[in-house]
Amino acid sequence: MTPIRVLIADDQVMVRQGFTVLLNAEPGIEVIGQAVDGLDAVAQVAELAPDVVLMDVRMPRLGGIEATRQLTEPAGATVKVLVLTTFDLDEYVYEALRAGASGFLLKDASAAELAQAVRVVAAGDALLAPNITKRLIAEFSRVTSSPRTPLKDRVGDLTERETEVLALIAQGLSNGEIAERLVVAEQTVKSHVGRILVKLGLRDRTQATVFAYETGLIRPAGY
């Protein structure tokens, strides 16, 4: 089995080294490089082609958000970015997700949580720490009072069932939970999710969640 290749981008050497030790001790994960800032991360991704980048938000020269955008925007880009943050109320959470990050994790996560996060993101699934999700919902409620018309129009490309599945993805349900809710096979849900991503030109479930809120397809409960 080919290991998940990880690049760690953080301007603090102790953080880089600590995460490297933790991840290299995990089966099926290999840290192939360390970057000292966003510019270094972009250069090393081009050279090393990692599967996942652990990206700090605040770094000199080029920050994590812009580095994430540069890594994920090009057509055919396959690298997944997992953003690391120190504070659960990080003001940049929403912008980083819009820039293409596949998930967020707090820096005080345990070794097991860190390894699981890398595996989840590498597999193409969304990952949002519970505290981060609370912040994200609040931000979504603020920015979606007037949904973007171009994005809203794109929802029309989906079938009724695909639109229903997209709404459930945005509520944080797994494929298994969606299958149970809709009384269909899990494989059927996987097929729907794949078609949704292709039709909307989205990278993964995280981006599908952002899309669903920005178009006004779903509104946060209580807002």
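Helices α8 and α10 are roughly perpendicular to each other (a term for angles of 65 to 115 degrees), since the two pack at an angle of about 95°, with their axes 10 Å apart. The contact, defined by heavy atoms within 4.5 Å, is made by Arg161, Glu162, Val165, Leu166 and Ile169 of α8 (residues 160-170) together with His192, Val193, Arg195, Ile196, Lys199 and Leu200 of α10 (residues 186-200). These residues divide into 6 nonpolar, 1 polar and 4 charged.

The structure is a predicted model, in which local features need pLDDT of at least 70 and side-chain atom pairs count only at pLDDT 80 or more, whereas totals for chains, interfaces and linings use all residues. Residues are numbered from 1 along each chain as its sequence is written, and side-chain values use heavy atoms, with hydrogens and water left out.

Within α10, Val189, His192, Val193, Ile196, Leu197 and Leu200 are buried (under 20% relative accessible area, with a 1.4 Å probe and protein chains only). Seen down the axis of α10, these buried residues fall within an arc of 130°, so they line one face of the helix. On the other side of α10, Gln187 and Val198 are exposed (over 50% relative accessible area). The end C-alpha atoms of α10 are 21 Å apart, which agrees with the 21 Å that its 15 residues should span at 1.5 Å a residue. After α10 comes Gly201, whose phi is positive, near 65°.

The chain as a whole has 11 helices and 6 strands, and buried residues make up 49% of its 223 residues.

How values were computed
Axes fitted to C-alpha atoms, helices over the stretch in contact; angles between N-to-C directions. Helix = DSSP H or I, 4+ residues; strand = E, 2+ residues; numbered from the N terminus. Parallel < 35°, antiparallel > 145°, perpendicular 65-115°, else oblique. Nonpolar A, V, L, I, M, F, W, Y, C, P; charged D, E, K, R; others polar. Expected span 1.5 Å × (residues − 1). Arc of directions from axis to C-beta.
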